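Look at the sequence and the structure below before you read on. This report goes through the model chain by chain.

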Amino acid sequence: MRQEAKALLEQKKVDWIVGFALGSLKFTTTPLITKDVTDTERLVINPFITNNLANFLTGIEGRVGIVAKGCESRSIVSLIQDNKVTREDLVILAVPCPGIIDLAKIERLVGKDRDELEDITRTGDKVSVKVNGQKKDFAASDALFDHCLACELPTPQEYDIILGEERKPSPETKISGQNIAKLKELTSAERWASWEKEMSRCIRCYTCRNVCPACFCQRCFVEETEPQWTLPMPQWQDNLIFQIIRTIHVAGRCTDCGECERACPVNIPLRSLTREMYDIVDELFKFKTGMDKDALPLMVHYEQEEAEDFFK
Amino acid sequence: MTQESDWEPKLLGFLCRWCSYAGADLAGTSRKKYPANIRIIKVPCSGRVDSLFILKALRLGFDGVLVSGCHPGDCHYQTGNYRARRRIAITKKFLEYLGIEPQRLQASWVSASEGGKFTEVVTDVTQGLKEVGPNRLFERKKNGAKVEAGSESPARAKKG
Amino acid sequence: MNKKVSKKEIAQLLQKWGQQFNVLAPSRASGVAAMAEWDGKDTSFLDWYRNTVVPPKARFLPPMEEMFRFSKDEEGYNIEPPPKNEQKQLLFGIRPCDARAMAILDMTFEDAYKDPYYLEKRRNAVLVGLGCTNPCESCFCTSMGTSPTDSTNVDIMLIDIGDAFLVEEVTDKGKELTKGLKEATKNDETEAEKSKKTAYDKITRKLNTEGIKDRLLESFDDEEFWSRTAAKCISCGICTLLCPTCYCFDINDEAVRGEGTRFRSWDSCGFALYTKMPMENPRSEKWRRVRQKVCHKYEFYPMAFDVIACTGCGRCIRLCPVNWDITQVIESVPQKVKGAK
Amino acid sequence: MTISDIEKRPQFFAQDNVYTPHIAVIEKIIEETPGVRTFHFNFKDKKLAKEFRFESGQFGQYSVFGLGEATFCISSSPTRPDHLEFAVQRVGRVTNALHRLGVGAEIGFRGPYGNSFPLDDLKGKNLVFVGGGIGLAPLRSLIWNVVDNRDTYNKVVIVYGARTPADLCFRYDLEAWDKDKTINMVTTIDREAEGWTGKVGMVPNVLGEVAPSAKDAVAIVCGPPIMIRFTFPVLEKLGFRPAQMLTTLEKRMKCGIGKCGRCNIGDVYVCRDGPVFSYEQIKNFASSEY
């Protein structure tokens, strides 16, 4: 991958390279957005490449060489369909993604914080964790992110260079949808109350919105003052309306990359909202974001006969 | 706080000016009776109604929202009502998943000539809201104790 | 005179304090580690607690706070202050880095105009410090003039010595709290010194801040450097809202037909609209905002109060979604070719 | 130029809380231009109305209850304490709300905040006022202050301009100052407009033509930032040293007392250490982002 990126920069095929580099903490990676060739040495692929790099495309001018996992490539296709990015400006280096390790799950399994672990390695569908000397093994399905377990496109369809051989999708939506299933068992009043409890922790840091490639509005409705739809203060009512409308606005653009839930500092289960919307859009309109390059964006297109049973 | 019996639901209606608004007008001119719970906002097209308007209405204390537009095919802007149909379809399903009672968001096709249908729709929706009861969704709960609904859900606030 | 309390007696001690104070202790009940009303019996936090995600500043400068209520009647508007809560707070388990951060915040809220809301809460509060025994990988407090067991900014300091805590009384408020505790023996003292040493050495992350103020002053206009530093930043609010030394706030009204409340809520210089004026926005570019965040803490605050407004708690490093690391940024601030003046 | 010490500034806290506004009633509204209105107001609390003191250049935070606060300078002069004035350009949420208010409506006011024009440094000097559009509001307070004790100051030159004749604010002041023999009043508009007989040209260029002498003179400049940036070089060409040039800087402000952290230029808070600065101070700010 490093030679490819270096070549791209040297032959002036791209102005920017966007990829992952080793993070400053254990088991983390950090987005690397660079122009100079020497940085391409720091590019890396490991089981902790969590960020959705497509998020940076709307902020960069010029031609970009971007490292892309499955979900990222779907976000890129969705951005292309929304005319936010042009395909000719992109050189996509496809990464057949084996799924990313969820450090929060490992912490719960091992009972230790992430910086107390010595090593985490992934071999096939086994994740082994070394903590004060001994090695503990876990099944991958217990250690990977929920959205990775439900991944429908581990290898990008839309790419220029592929790094490694293709990987077939094997979505286990049952495991990854536990939280949503539990919510659906509650009554509607209990569900609403649970969202009230979760949203009262929100501090309005807007990380969920800023980390999401589908959220590319110039000025978000939540920060408008004329009219002021929601108050800019962390009241649970306005926090909840912010999340409901954000989820509806990204319907048909969200590729369930799970970044909003991972990045939330106060652990609000946002994926229970976005994944449910992902399923609703799939169920009602058979629309899967970014899977089909030529599809029209969800909200732009319509069919003659489709869901209208509830219309009086 | 009013008792449950004589409580009247507050319904907000977004009516597309080409069809449903004209239909409501027709209902009025032909002396048809329909419950006065509905407050009507004229919108250029049902496609103009963003889900944010629906949530803001519920946040301000309305008990229900009705979005009514032209029948598919005779929208003045050709595709407005199809877009509205998709948006309301996902919004309705999503609000149900969140825990908002389904009766609170209703949609209907009412053309300019269907004064009668409009009265039926409004009566039907109001009846639905009566069953569901007042909208307590956004009432502020301070450390468990429910605060008097007065200042929080204004549409229902009974100023002294 | 140091005292001693065994870990088993902590619950009893907290209950005693509970009569006088509203006791707050670290808790995960809300789904994230934060200071919350103590439930009266659970002291399991002594095992899992390293530091809270939401800093203790949230008890003094809350994410959202009532300033006053206004209402309109025939004669016009009248303003009532928010209901006074005389409840004295006791924060059990505040870490030295957060306690030092409170001292840094005090400087701003007392400077020139006294901030009534914050200072009243600070006066009504007692800080019971808890020495760190298991610092995080992202902690660098030892490079910022404090240590995992620094007791200068708390009322009493508990140092972990195995199955008990050595209690150092720091202020008069502290002395009242420790009435009735056993005296510490000589080897308790040596045990405490040893525990302080091991905690100190556990901090692996170092940061050399010597001359940083001038380096930042010189490279203030180096747009190339700041653009590179800000490239991966996504302008969210985590590293400021959750920073114990950040105090920026916004003022907004919520009202319904002339009756409502004015609130103060957290704000962040990282947000694009933070300095937006109708005609122009001096910091619309991302690199200017990242520069402001860094320079405020490492250049402007030292110029105004002669202290770096950062205590090395490491929250901004471990909570940042893109792993933007302040220590890497500070080290990479270019040294102008003419060297330190 | 000394920035007056903060503690020495007059302070009028309501309910001894620096953030609580006083209630004030709007007595008169003047429509300056379609987008700008001047409000005359006074405090409901008569005792406060008498005791209230401020200096030219200071500003206040004006509340429209339920919508929020906005920052405007006090545009009336301390020498005429019967009422207070402030000018509002309709640009946002609070300003639009202010424009909807009628006479007798109640607003909140807290202040006065910030430093002021250093009157004692201006004594006996020639004064050059350079204003643009609504920028005349802070200047106006100082000009009437000067006119009311005219003899303590030397020559006075006022160069004021706006985009079009309709954008000229405080026309009644412009006429009064024009009639005043001791003031050299120059009004200009940016581009030719029919029915306009006065000067035409951008304020900095017209200032160049008027060419006031820099000998023991002080220039006070207020207007849109772009105008300020073009005016300082012209003044320097005329021989004005940076210390002889004053201006009020505009920043987004919320608290007005140096707490909320948003109006800083380097370690200086424009609301508490300003808004009046000399060009010399601006030049050696820690940061170049004024």
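In what sense do strand 1 (residues 11–16) and strand 3 (residues 64–69) of chain B pair, and over how many bridges? They pair in the parallel sense, and five bridges link them. Keep in mind that this is a predicted model.

## Chain B

Start with one point on that pairing. B:Gly13 stands opposite B:Leu66, which belongs to strand 3 of chain B. Helix 1 (residues 20–29) of chain B packs on the sheet. This helix touches strand 1, strand 2 and strand 3 of chain B. The direction of helix 1 makes about 115° with that of strand 1 of chain B. Helix 4 (residues 115–132) of chain B packs on the sheet too. Helix 4 touches strand 1, strand 2, strand 3 and strand 4 of chain B. The direction of helix 4 makes about 160° with that of strand 3 of chain B.

Now take the sheet itself. Four strands of chain B form an open sheet, in the order 2-1-3-4, with parallel pairing. Which strands sit at the edges of this sheet? They are strand 2 (38–43) and strand 4 (105–109) of chain B, and each pairs on one side only. From one strand to the next, the twist averages 20°.

Next, the chain as a whole. Chain B has four helices and six strands. Along the sequence they follow the pattern β-α-β-α-β-α-β-α-β-β. Of the 160 residues in chain B, 53% are buried. Consider the contacts in chain B between residues at least 6 apart in sequence: 77% of them join residues at least 24 apart.

## Chain C: strands

Strand 12 (residues 259–266) of chain C has strand 4 (residues 64–73) of chain C as a partner. Strand 11 (residues 249–256) of chain C also pairs with strand 12 of chain C. The table sets out the two pairings.

| Pair in chain C | Sense | Bridges | Residues that stand opposite |
|---|---|---|---|
| Strand 4 and strand 12 | antiparallel | six bridges | C:Phe68 and C:Arg262 |
| Strand 11 and strand 12 | antiparallel | eight bridges | C:Asn252 and C:Phe263 |

Strand 11 and strand 12 of chain C form a hairpin, with two residues between them. In the turn, C:Arg257 has a positive phi of about 50°.

## Chain C: helices

Helix 8 (residues 223–230) and helix 10 (residues 286–305) of chain C have axes that come within 8 Å. At what angle do these axes cross? They cross at roughly 90°. Helix 8 of chain C is therefore roughly perpendicular to helix 10 of chain C. On the side of helix 8, the contact is made by C:Glu223, C:Trp226, C:Ser227, C:Thr229 and C:Ala230. Helix 10 brings C:Lys286, C:Trp287, C:Val290 and C:Arg291. By class, this contact has four nonpolar, two polar and three charged residues.

## Domains of chains C and A

Chain C is assigned domain 1 (3–202) and domain 2 (212–331). Their C-alpha centres lie 25 Å apart. The contact takes 32 residues from domain 1 of chain C and 28 residues from domain 2 of chain C. Strand 4 and helix 3 (96–110) of chain C each supply at least two residues of the domain 1 side. Which element gives the largest share of that side? Strand 4 of chain C does, with nine residues. By class, the domain 1 side has 19 nonpolar, six polar and seven charged residues.

Chain A is divided into domain 1 (2–100 + 144–285) and domain 2 (101–143). Between their centres, taken over C-alpha atoms, there are 24 Å. In chain A, 13 residues of domain 1 are in contact with ten residues of domain 2. The domain 1 side of that contact divides into ten nonpolar, one polar and two charged residues.

## Chain D

Chain D touches chain C. The contact takes 36 residues from chain D and 40 residues from chain C. The chain D side has 13 nonpolar, twelve polar and eleven charged residues.

D:Asn96 lies in helix 2 (residues 93–100) of chain D. Is D:Asn96 buried or partly exposed? D:Asn96 is partly exposed, because 15 other C-beta atoms lie within 10 Å. D:Gly35 is 61 residues away from D:Asn96 along the chain, and their C-alpha atoms are separated by 9.6 Å.

Note on methods
Residues numbered from 1 in each chain as written. Chains lettered and ligands numbered in written order. Predicted model: local features only at pLDDT ≥ 70, side-chain atom pairs only at ≥ 80, totals over all residues. Pairing = 2+ DSSP bridges. Axes fitted to C-alpha atoms, helices over the stretch in contact; angles between N-to-C directions. Contact = placed C-beta atoms within 7 Å. Nonpolar A, V, L, I, M, F, W, Y, C, P; charged D, E, K, R; others polar. Domains from an automatic or database assignment. Buried ≥ 20, exposed ≤ 12 C-beta atoms within 10 Å, placed from the backbone. Parallel < 35°, antiparallel > 145°, perpendicular 65-115°, else oblique.
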